[in-house]
Each structure stands twice: as C-alpha cells, then as structure tokens.
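Thanks, everyone. I will go through the arrangement of domains, the interfaces and the cores, in that order. Here is the model.

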Amino acid sequence: MSSHSPNQTHSMGAPFKFTDANLATYQEYLTRYDDVESALLPVLHLVQEQIKWLPQEAIEYVSVLMNIPEIKIKEVISFYDMFYDVPVGRNMVHVCTNITCSMFGGREIYAGLLKHFDTDYLTPTRDGRISLQKMECLGACEMAPCMRINNDYVGPVDLADAINKLEELP
Amino acid sequence: MERIMEKDTANYKDYSLLSYHHIPGVHNLEVFERAGGYEMMKACFDKDPEAIKEVVKASGLRGRGGAGFPTGVKWGFFTKDRNAQKYLLCNADESEPGTFKDRYLVEKNPHILIEGMIISAWALGTQKGYIYIRGEFQQQAVILERALKEAYAKGYLGKNILGKGFNFDLYVHRGAGAYICGEETGMISSLEGKKGQPKLKPPFPAIKGYRGLPTMVNNVESLAAVPWIMRFGADEYKKWGTEKSAGTKLFSISGDVNKPGVIEVPLGTTLKEIIEVHCGGMRNGNKLKAVVPGGSSAPVFNHDESYSVKMDYEDVASKGSMLGSGAIIVLDETRNIGDLMKWTLEFYHHESCGQCTPCREGTGWLESIFKRRETGKASKADIDTLDKTAASMRGQTICALADAAAMPAQGMIKSFRSELEAYIMTPTNTGKK
Amino acid sequence: MTEKVKLTWNGKQIEAVKGSNLLQAALDNGQEVAHYCYHAGLSIAGVCRMCMVEQDGVPRPFPSCNATCGEGMVIRNDTPKIKAAVENTLQFHLLNHPLDCPVCDQAGECGLQDYYMKHGQYDSQMIDKKVHKEKVQDIGKNVMLDAERCILCSRCTRFTEEVTKTNELGILNRGDHAEITVNENLKNDYAQNLVDICPVGALTSKDFRFKQRVWFLEEVYTTCIGCETGCSVKVSQNKNGSYRVKPVFDETVNGHWMCDDGRSIYKHVSSPTRLQVASENMNGLFVPADESRVVELVTGKKANFILSTSLTNEEYARFFESIKGSKASVALYTLPTQGPEFDGILRRGDKNANLRGAQKAFEAAGFDHTSAGLDKVLNAISASDVAYVVVPEILYNEDHFNTLLKKIEKASTRIALTPGETLSSMKVFNYLLPVPSFLEKEGHIVNFQGTQRQLNAGLSYGETTKDISYYGKWVNV
Amino acid sequence: MGERMILKKDLYAQHGFLKGLYLGLKITMVNLLSNVFKHNRMTLNYPEEKYFYSDRFKGKHVLTVKEDGTLRCTSCMLCSTYCPAQCIHIVAADDSDKEVEKAPVSFEIEMLRCVFCGFCEEACPVDAIRLTNEYELSGHAEQEWVADHYELAFRKSLNGGRGIQSTVDDNDRLKLRL
C-alpha cells in the first residue's frame with residue numbers, strides 16, 4: 001500500500017510490454033485458473049519481476065491483456081503491500097516491525113536504515129539501489145528482528161549488520 | 001542415509017506433522033517416498049471417500065488456522081456431488097503475528113502437505129486445488145512449486161492419478177502482503193484477482209466460494225495432519241491431546257525465550273512445559289511477565305495465567321483468551337505492555353481491509369486514542385474510551401478482524417490497566433515521525 | 001406464484017415474499033431500519049453494518065440486508081443490544097467525517113444527519129487528528145466527489161460495475177485510508193444516478209451545486225418527457241424555479257434509475273427566457289402583445305395546426321374537441337431519432353414522449369398523423385393561411401425543426417404555441433403564444449410500452465399560459 | 001356597547017372625578033418641575049447626543065470577516081432558513097479555494113422586513129453574522145433598505161470599512177485539521 005494520493009498515477013515514461021518469456025509464463029498462468037481474473041495477482045508479480053514496480057503503462061497493458069478494468073487493477077495494487085505503483089529501488093528491503101521483531105529492536109533498525117540511507121518509506125535511495133519498506137509480521141519471529149532482502153530472510157540482525165548487508169547489495 | 005532406507009518410522013509415533021523433519025533432504029520427493037511418504041495417498045485411493053471423511057471426523061482434528069472448527073464437520077458441509085466443479089484451497093497465508101509454523105512445515109517438508117491435499121481432494125472430490133501462500137514467502141513458494149513439479153512427474157497430480165480415474169490439479173498461488181487474506185473468504189477474493197476483502201456469510205465457502213463454486217479452505221497444518229491420521233487411524237490420533245482437543249499442534253514460539261522456534265506437542269501441554277522444557281526457559285533467566293498465547297489477536301496472559309494454562313482450545317478459552325494459530329509470544333519483565341499494545345494496534349490499523357465501518361474506522365481510532373500521548377492530549381480516561389471503543393467493535397463486522405483488534409486491547413486493559421495508564425500518561429517527543 | 005410468509009418484526013406481524021430480502025421487506029412494511037450500503041437496485045455489500053437485527057434462536061446479531069425472509073422468523077431491531085450497536089457503528093461512520101454540513105449540498109437529505117438525530121451519541125470523544133482525503137474533485141458528467149465525506153458504502157462502485165458496467169469508480173487503499181477514486185473521468189450516461197444513490201454528500205451534482213438548500217424545495221412527481229421511455233421522476237422546485245430532476249422507483253418502467261439527458265428537461269420551465277405572455281415579432285424582437293390583436297388577425301382565415309408529440313392525451317382530446325366543425329387542417333410533427341434505438345439500460349432513440357397517444361388522438365379525430373400527412377398539410381398552406389406550430393418541449397435536433405419552419409414561411413400569419421424558451425429560429429413566427437410546460441399540467445402520456453404515464457402539475461412559472469384548446473377555439477370565432 | 005364603566009368605583013363615590021384629575025396632574029407636575037430644576041433628564045439632545053447601547057443590543061447586522069478580509073459566511077443558508085421574517089437572501093457559488101468551497105456571491109437583508117430577533121445570529125454555525133448595537137436605520141427609498149454584503153460587512157462604522165474580524169472556533173476547528 002503506497003501512501004500517496006490515490007489520484008496520482010505514476011508513469012515510467014515508456015510503453016510497457018511483457019518479454020516473450022514472461023508472455024509465455026502468462027499463458028501458462030492462464031492454464032492454472034478457470035478464469036482470467038484469477039491470474040491477476042501472479043501477473044502483477046510477473047510485471048514486478050520484470051520492472052520492479054507497476055507504472056500506469058503496465059496497468060494499461062495488463063488491463064488490455066487480461067480484459068480487466070483499469071480501476072480494478074488499481075484497487076488490487078493499492079490493497080496489497082507488495083505491489084508498488086511508485087518507482088522503487090533495484091533491491092526491495094522489508095523490515096519487520098511487528099511485535100516480536102519490535103521487541104528486539106526492529107523499529108530502531110528500520111529508523112536507523114532510513115537515516116543511514118537518507119530515504120523514506122519506499123522511496124528509492126539516490127543511487128536507485130534500495131527501497132526500504134516497513135512491513136507487518138514477515139512470519140519469521142524466531143529470527144527476530146528479521147529482514148527480508150529481496151526474497152531472502154535474514155535474522156536476527158542488528159543495525160550494523162543490516163547496514164553491512166544492504167551495502168553489499170548490487 | 002541408512003536409516004532412511006529402512007523406512008524409519010520411529011518418529012511417526014512421537015510426531016504427526018514433524019515426523020519426517022529429521023530426515024535430511026526430505027523436501028525431495030524421492031527421499032520423502034523412501035521414508036514412507038505418499039504411501040497413504042496410494043492406500044486412500046482404494047478407500048471410499050466418505051470413509052476418509054469419517055476417519056477425519058472421528059479423529060477430532062480441529063482447524064489449525066485459528067478458529068479451531070472441527071475439520072471433519074467442515075468437510076461434512078461440503079457438497080457430496082463428485083462431479084460438481086469445486087475447489088480445495090490450502091491456507092498458507094499465515095500472517096498472524098507470531099506465527100511461522102506453516103512456513104517451517106512447508107519449507108522443510110512440502111510433500112506432506114501435498115500428500116495431505118491429494119488425500120483430502122480424493123475425499124472431497126475436488127478437481128482443482130490451490131495453495132495460497134503469502135507473498136513474502138517467495139522462497140517457500142519456490143520450494144512448493146518444485147515439489148509440485150516432482151509430484152506431477154510422478155503422476156501423483158494431474159489427470160487420471162495413478163490410473164484411478166481421478167483428476168486433481170494443484171497450484172501455488174502467491175499473495176501479495178495482506179493480513180486479511182488469511183481469512184478464508186478474503187483469501188477467496190484474493191484468489192479471484194480482487195482485493196482480499198472478506199465476503200459476506202452466508203453463503204459459506206463450502207456452498208459458494210471461489211468463483212461462486214463450492215470451495216473447501218483448510219489450513220496447512222490441518223491438511224498435513226491428514227496422512228498421519230489415515231495411516232494410524234482416528235483412535236491413535238485421539239490418544240494425543242485432550243478429549244475435545246485431539247492430536248498434536250505446532251506452536252511457534254518467539255520472544256524472550258532461549259530457544260524460539262516451532263515445536264510439535266500434544267494439545268493440552270502446559271505452557272510452563274513448553275517454555276521451560278521445549279524452549280529452554282526464559283532468556284537471561286528473567287521473570288516471565290506476559291504471554292500472547294495464540295497470535296496477536298489473542299488476549300494476553302499475565303504471569304500467573306501463563307503458568308497455569310494448558311495449551312488446548314478449551315483451557316485457553318476458559319482463561320479468556322484463544323489458542324488461535326498457536327503463536328506464543330513470550331514477554332519478560334523488562335517489556336512494557338504499552339509497547340505491546342501500541343504495536344498490536346498499529347498492526348490492525350494497517351491491516352484492516354476497509355470494508356466494514358466499525359473495523360475501518362475503529363482500528364484507526366484505537367491507535368489514535370492510544371497514541372494521544374504523542375500529541376499531549378492523553379488522559380487516564382482514555383483507557384476507558386479505548387475499552388469501550390474496542391468493545392463496540394466486536395461482533396459487528398463481516399470477518400473477525402475487528403474482534404481480533406479489540407480482543408487483545410481489552411485483554412491488556414483487563415490484565416495490565418495500571419501499567420497502560422502509566423504508559424499513556426508518559427509524554428513522548430515522537431510526535432512527528 | 002410468489003409464496004408469502006409471515007414474520008414478526010419488533011413484535012408486529014409482517015408479510016413478505018418468501019426468500020425476499022429481509023431489509024427490503026421491513027422497509028416495505030413501513031419499519032425503520034437504518035442502512036447505508038443497501039440499495040434495492042444493487043448487489044448486497046453488507047459493509048455499513050447499520051441494519052443489524054437479532055433473530056430468536058440466532059446467537060449473534062446479523063445484518064438484515066444479507067438475510068432472506070422465512071416463515072415464522074422473529075426479528076427485532078429495537079433491543080438494547082441492537083440500539084447500542086447502531087449507535088456505535090454510527091459513531092464510527094462519523095469518526096473521520098469532516099462535518100462540513102454548512103457547505104454540503106446533501107445537508108437536509110443526508111443519511112448521516114438523519115441517523116445522527118435518531119441514533120447519535122451526542123458527546124463526541126473524538127479529539128484526534130482526522131484522516132484527510134481529497135475534496136472538491138470534478139469527476140466529470142456533472143458529478144463532484146468529496147472523498148472525505150464518503151462513508152465507503154460502495155454503492156457508487158457497485159453502480160458503475162453492475163448497472164452501467166463502465167467501471168470508472170473504485171475504492172483504493174485499505175483501512176481508514178480507503179478512498180473512492182475515479183479511474184479517469186466518468187463516461188457513462190447514467191452518472192447522475194451516483195448522486196442520488198450516495199447516502200451522504202460525497203457525490204453531489206455540479207448542476208445543482210449550491211443552487212438551493214434542499215429544505216427549500218418541494219417535489220412534484222411526474223413523468224420524464226425526454227424520450228419515449230417515460231421514466232417516473234420527481235422535480236424539485238420552489239417559487240424561484242425548478243432545480244433538479246431525480247428518478248422515482250417504478251418497477252414497470254425505469255426501476256431505480258434515469259439517464260443524464262432526462263436530468264435537464266426542467267431547464268426551460270423556469271428559465272429567464274421562458275415565454276410569459278403573448279408576444280409579437282417586432283423586427284426580430286419579441287415584445288408583449290395584446291391577445292385580442294392575434295384573434296383579430298386569425299379570424300376568418302384557414303388554420304393549419306402542426307402539433308408536437310409532447311402533449312398529453314387530454315390536451316389532444318381537448319384540442320380536437322375545440323376545432324370540431326372547422327375546416328382547420330392538423331398534422332403531427334415527429335422528432336427524428338437520436339442515437340441508438342435503445343442503449344440497453346433505459347434511454348431510447350425515439351424522443352417522442354407521447355407519440356402513441358398523439359397517434360391515437362389523431363385517428364380518433366380522423367386526422368392523418370403520418371409524415372405524409374404533415375407534408376400534405378405543409379404543401380397545402382397558402383399565403384392567406386394561418387400556420388400554428390406547437391413547438392416540441394424538448395428539442396434535441398434544432399436543425400430538423402428549422403426545416404419544418406422553412407416550409408411554413410409561405411403562410412402570412414405564423415404563430416408558435418410554445419411552452420419553452422424562445423429559440424433563435426423562432427423569428428419565423430409573427431406571434432408567440434404561451435402554453436403550459438409539462439410541469440404545469442395534469443394529464444397522461446403513453447410510453448413505448450403502451451402504458452399510461454401520469455404527468456402532474458407543480459408550481460406555475462408561466463404567467464398567462466393557456467391550454468392549447470383555448471387557441472384551438474379561435475378557428476370558430 | 002356604550003356601557004359606562006367606572007374603574008375605581010369607591011374613589012369615585014367618595015371624591016367625584018376631581019380626585020383622579022388631581023392625582024394625574026400631580027405626577028405630571030412633579031416630573032415637570034424636576035426636569036426644569038434638576039439635570040438628570042432622560043431625554044437626549046439627539047442627534048448631537050447619542051445613546052450607546054450594550055453589545056447585546058440587537059441592531060443592524062454585520063457580516064464578520066476572516067483574517068484575510070474575506071467574508072466568513074459559507075452561505076449555508078441556515079440564517080435565511082430560520083429567519084421568521086424571511087428577509088435574508090443569499091446566492092451561493094463555488095469558491096476557488098477548496099478549503100472554503102462555498103461562499104456567497106450576494107448576501108442581502110431586507111431591513112424593513114427584519115424584526116431584529118437575532119435568530120440569524122444564533123443559527124450561524126461559523127459566527128459570520130452578528131447583530132450590532134447600531135440602531136440608526138434610515139433611508140429614503142425602498143432600495144436603501146436592502147443591505148448588501150458590502151454594506152453589511154464593510155460599512156464605514158465597522159473599523160473604518162475594514163470589517164469586524166472573527167476567529168471564533170477557528171483554532172478548535174483547525175486543530176483537528178492539523
């Protein structure tokens with residue numbers, strides 16, 4: 001869920017199109033479900049795999065591709081935390097701030113990271129490398145405080161660890 | 001490796017769900033099968049589906065997702081028309097704060113779930129199934145996809161399974177980060193490619209679910225318990241646990257204990273035993289202050305309650321809380337209940353789907369009331385307002401999220417009122433973020 | 001066919017169709033049930049949580065909008081439990097409401113105001129910062145959106161999804177940041193219905209915006225004359241003029257809705273350019289004239305009447321009665337078809353409100369109502385004749401009408417009987433005579449289904465309008 | 001009809017009409033003499049001398065202004081709704097400022113109809129209309145008795161034409177908007 005005015009749409013300034021491989025994946029997705037709409041979440045994940053976020057162009061593309069009204073896609077994007085309709089960095093970092101992680105300093109780590117990288121919720125760092133997102137429970141409380149760097153869970157971490165790990169990211 | 005070749009079944013008797021977990025590489029179908037996996041699936045195809053349902057019903061297995069509704073009874077509501085189009089959904093969207101048992105189960109042994117789902121599908125006569133896994137569990141989804149591929153290659157999934165004329169397709173569906181998708185109708189909405197907003201009940205999913213067709217939604221743990229029950233029978237399963245809470249349960253323990261993690265113990269095990277024996281006691285030898293016994297939506301237990309409670313559905317409920325998903329968060333004396341309250345309320349504010357008014361506005365307001373200290377407007381009466389507001393949210397909404405937000409708030413107020421009063425009267429300088 | 005069941009509502013016996021909506025059954029039986037999200041013309045959302053009821057034998061209260069009537073149900077919504085629940089839920093509805101009733105057009109007919117008076121908790125505990133959303137958004141098609149006032153009942157999104165199937169509106173974000181959002185702009189032809197179904201002031205009409213407070217208005221229930229559908233409508237008016245048209249539920253014709261075109265049919269009635277008295281053309285300028293001069297002018301001349309299709313059955317009858325025995329010739333001007341024949345919801349391409357009634361009246365009086373008949377009359381007009389044209393009330397295609405006017409130019413005396421405002425093309429006429437508009441007369445019209453539709457008279461804005469038969473009588477003077 | 005009516009029958013019976021006349025004249029004479037010889041007279045040399053009524057007096061209306069000098073009135077029409085004399089006529093329109101949203105383009109009070117009851121003041125939710133202690137109302141023609149919003153808000157007597165500023169409730173309302 002991105003925290004901007006819902007009327008703003010973000011453009012990436014170029015038309016969007018699935019790569020051939022992804023188009024094939026899309027066709028494969030369609031075989032899994034009994035209707036096209038059900039494939040929306042996987043398709044949006046696929047778009048994000050390709051270009052990290054969901055610009056207006058991608059929404060229009062998916063809308064035409066799947067014959068789903070644009071507003072329905074926007075509703076879905078705004079509803080889920082892991083769909084981004086704002087530009088994000090190359091690496092997505094989720095910091096858990098739920099109960100157990102907060103007990104062990106998850107919030108301090110998040111605040112510390114924001115300060116260290118001089119950025120804000122979801123805003124990519126100036127080099128476009130990292131976007132930080134504060135998340136509710138990541139489901140890894142045994143490794144509290146934990147983080148999710150791209151698709152990998154790391155934890156327990158402290159701020160210094162976390163900064164080191166993020167600095168290593170491409 | 002030797003032991004595995006011998007079909008080491010010793011662990012079956014100690015665990016139902018984690019019985020394969022000591023075997024290295026059990027996430028590979030080959031290893032799993034050598035250890036006795038998929039045997040029950042093959043055996044079940046010769047059984048009458050209704051008989052399977054009966055066994056599950058007799059076992060007293062209760063839904064492990066949180067509500068604890070008997071799985072067998074739920075299956076009984078499902079249409080018996082085997083030709084009708086219907087779905088089996090596995091709820092792997094475990095997003096209740098403190099819970100990570102399903103992740104652990106799926107990560108270590110995806111095949112036990114798949115086997116359980118195939119048996120359940122046979123019993124229920126569903127042709128298609130989806131494992132709805134939360135979006136954050138990308139790696140676990142990959143593990144599942146791989147396991148599914150193996151099962152397809154073996155002919156355990158797909159058309160005409162093992163020549164029995166039974167078709168069952170199983171797919172992984174990734175969520176995208178919304179707590180409410182853990183609610184069964186929310187999950188169905190999400191699977192339909194919509195916002196994951198819960199649907200009005202009635203009609204229940206068993207009658208009208210995914211795409212308006214009968215849909216059975218079960219938790220990972222419930223489905224994964226099915227093969228064991230089929231192997232050893234309902235009576236054997238009932239030997240575990242208490243009369244009304246049969247079997248074993250996975251508990252995810254986190255917080256101030258020495259060994260946080262997932263354990264499988266029979267229901268009815270005391271919380272004291274879980275903490276002291278299975279989790280190696282309190283961290284740094286600190287005194288226990290409070291325990292969240294069933295995920296963040298369960299009211300907290302104070303020190304005394306924690307040491308006297310037995311972890312089964314009835315005993316926890318009789319002490320004013322709920323077993324929920326079995327997520328135990330342990331807090332020691334150094335922790336402030338105010339912080340716990342703040343985090344809990346923030347969580348529910350963030351996760352309310354925004355559909356029903358009491359929940360949409362209420363969750364936000366609970367947080368605002370509790371955070372009045374940040375704007376210097378707090379007063380002791382706020383705790384009463386909070387209590388009253390929380391009470392007025394309960395039972396008013398489509399799903400249980402409003403209750404889930406209100407119950408812990410009320411629970412904490414009941415057990416730790418003076419501490420919360422002190423907390424909200426302490427001004428902070430964190431007014432601006 | 002429909003099986004009736006008896007159920008008890010707050011101790012009173014009510015009867016309803018088996019399996020019908022419980023909330024609707026209660027409302028139909030005159031029971032009060034607070035509700036926002038339920039609308040009989042839309043699907044059930046069950047999100048406002050206001051219509052909670054208790055049933056004997058059911059442990060938890062449930063929303064009545066999601067229940068169906070069954071035999072012997074014992075329902076209550078006046079128990080302390082339900083009353084408290086409604087009060088609390090209303091409190092949540094109002095929690096982040098901006099309370100800008102002074103500037104809100106909905107004030108006076110607002111669901112929040114109404115229920116606050118009934119179920120309000122009058123001591124506010126809300127001292128926290130409210131959630132703010134975007135105000136004053138023009139979302140097209142004369143609809144204004146104020147997201148802050150919205151209670152997210154989702155009626156509007158369901159309307160665009162289910163009725164118009166255009167999907168312009170959606171609810172973005174979740175929790176208390178959820179907000180009605182328009183994708184681009186509204187593009188359907190039924191957008192103004194959104195204003196009607198919005199139970200609060202979130203969607204208001206740009207046309208009606210700030211014109212009047214609703215409590216200054218009275219409603220006249222009548223029938224739309226915009227096309228042959230003949231939707232049941234009500235027009236809000238006061239002595240200063242008419243202000244808006246809203247649909248009235250009519251199961252047989254329009255259901256709950258009406259089209260946007262019909263929303264502007266009132267405009268000529270109280271327009272400043274409305275013809276008030278008989279007027280004479282003085283070099284292109286119409287100035288009030290003495291009626292007796294007109295009578296003098298037409299006396300003894302052959303009269304040719306060209307009637308419109310927007311008169312009532314009664315007017316046709318009175319008119320033909322008035323010219324009985326004269327040699328006047330009468331023809332019917334039919335409006336051309338506009339747009340598709342039927343747009344699938346309500347609107348029809350045939351814009352003749354009472355074509356069927358006119359045809360019947362013509363046949364009864366022995367006149368030809370076909371276009372051939374019109375041509376015949378037009379061709380027969382000689383320079384010494386008088387040509388009377390009853391100007392159609394709602395004129396979509398002025399060019400088509402102008403071609404008609406071209407043809408009557410050869411008559412020396414050309415008189416328009418007009419209820420509407422004076423069009424630029426009316427310079428053709430020597431005299432304009434005022435007749436009542438559809439809002440100022442009682443009568444019936446026959447719609448496309450052949451059913452009689454009632455027209456009712458509201459306030460009159462024309463000073464000296466006379467029935468068409470009054471002018472018809474002049475032929476026998 | 002025409003029946004004789006004697007109020008103080010006993011007085012009349014004892015003294016006849018002269019006693020009453022005397023008592024009446026006594027009051028007149030006392031006042032006359034005290035006005036001639038003392039200086040606490042009730043009458044003023046109007047218009048050279050004027051009364052100053054308290055602020056509670058219900059006299060000519062004023063429309064208050066905001067800090068930026070624009071009218072506070074949001075044209076909610078509550079005053080014109082409650083006005084028993086129906087003498088308030090407001091025409092509203094969109095305001096370019098979205099925070100204001102609605103503002104009057106014309107606000108007129110028919111002074112000849114006004115009964116100075118003060119209901120408008122009480123109905124106003126934003127303290128936009130008040131009754132002042134101005135009581136001098138005069139005019140030559142009917143038009144002069146219709147006060148428009150320039151007259152009501154910016155007449156000379158109100159801070160030299162700058163109007164009366166009101167910030168009542170502003171802080172309370174803005175606090176919630178922070």
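Start in chain B: the centres of domain 2 and domain 3 of chain B, taken over C-alpha atoms, are 23 Å apart. Before going further, this is a predicted model, in which local features need pLDDT of at least 70 and side-chain atom pairs count only at pLDDT 80 or more, while totals for chains, interfaces and linings use all residues. Residues are numbered from 1 along each chain as its sequence is written, and chains are lettered from A and ligands numbered from 1 in the order in which they are written.

Domain bounds here come from an automatic or database domain assignment. For chain B that gives domain 1 (2-238), domain 2 (249-332) and domain 3 (337-424). The contact between domain 2 and domain 3 of chain B involves 10 residues from domain 2 and 11 residues from domain 3, where two residues are in contact if their C-beta atoms, placed from the backbone, lie within 7 Å. On the domain 2 side of that contact in chain B, there are five nonpolar residues, five polar and no charged. For the classes, Ala, Val, Leu, Ile, Met, Phe, Trp, Tyr, Cys and Pro count as nonpolar, Asp, Glu, Lys and Arg as charged, and the others, Gly among them, as polar.

Now the chains against each other. Four pairs of chains are in contact, and chains A and B share the most contacts. In that pair, 32 residues of chain A meet 42 residues of chain B. On the chain A side, α2 (40-51), α4 (70-79) and α5 (99-103) each supply at least two residues. Helices (H or I, at least four residues) and strands (E, at least two) are DSSP runs, numbered from the N terminus. By class, the side of chain A that touches chain B has 16 nonpolar, seven polar and nine charged residues.

Chain C also touches chain A, with 12 residues from chain C and 12 from chain A. The elements giving two or more residues on the chain C side are β8 (169-172) and β9 (179-182) of chain C, and β8(C) gives the most, with four residues. That side of chain C divides into three nonpolar, five polar and four charged residues.

Which chains does chain D not touch? Chain A is one of them, with nearest C-alpha atoms 16 Å apart; chain B is another, at 11 Å.

Chain C itself has 11 helices and 22 strands. Its domains are domain 1 (4-89), domain 2 (97-114 + 129-210) and domain 3 (279-476). The centres of domain 1 and domain 3 of chain C are 52 Å apart. The C-alpha atoms of chain C fill a box of roughly 85 × 50 × 35 Å along the principal axes.

Last, the cores. A nonpolar core is a set of buried Ala, Val, Leu, Ile, Met, Phe, Trp, Tyr and Cys residues joined through C-beta atoms within 7 Å. Buried means 20 or more other C-beta atoms within 10 Å of the residue's own, exposed 12 or fewer, and partly exposed in between, with C-beta atoms placed from the backbone. The largest core has 270 residues, and B:Leu89 and B:Val291 are among those with the most contacts inside it. Helix α17 (residues 401-424) of chain B gives the most to this core, with 12 residues. Leaving aside neighbours within four places in sequence, the contacts of B:Val291 include B:Leu271, B:Phe301 and B:Ile328. A second, separate core has 49 residues, including C:Val386 and C:Tyr471.
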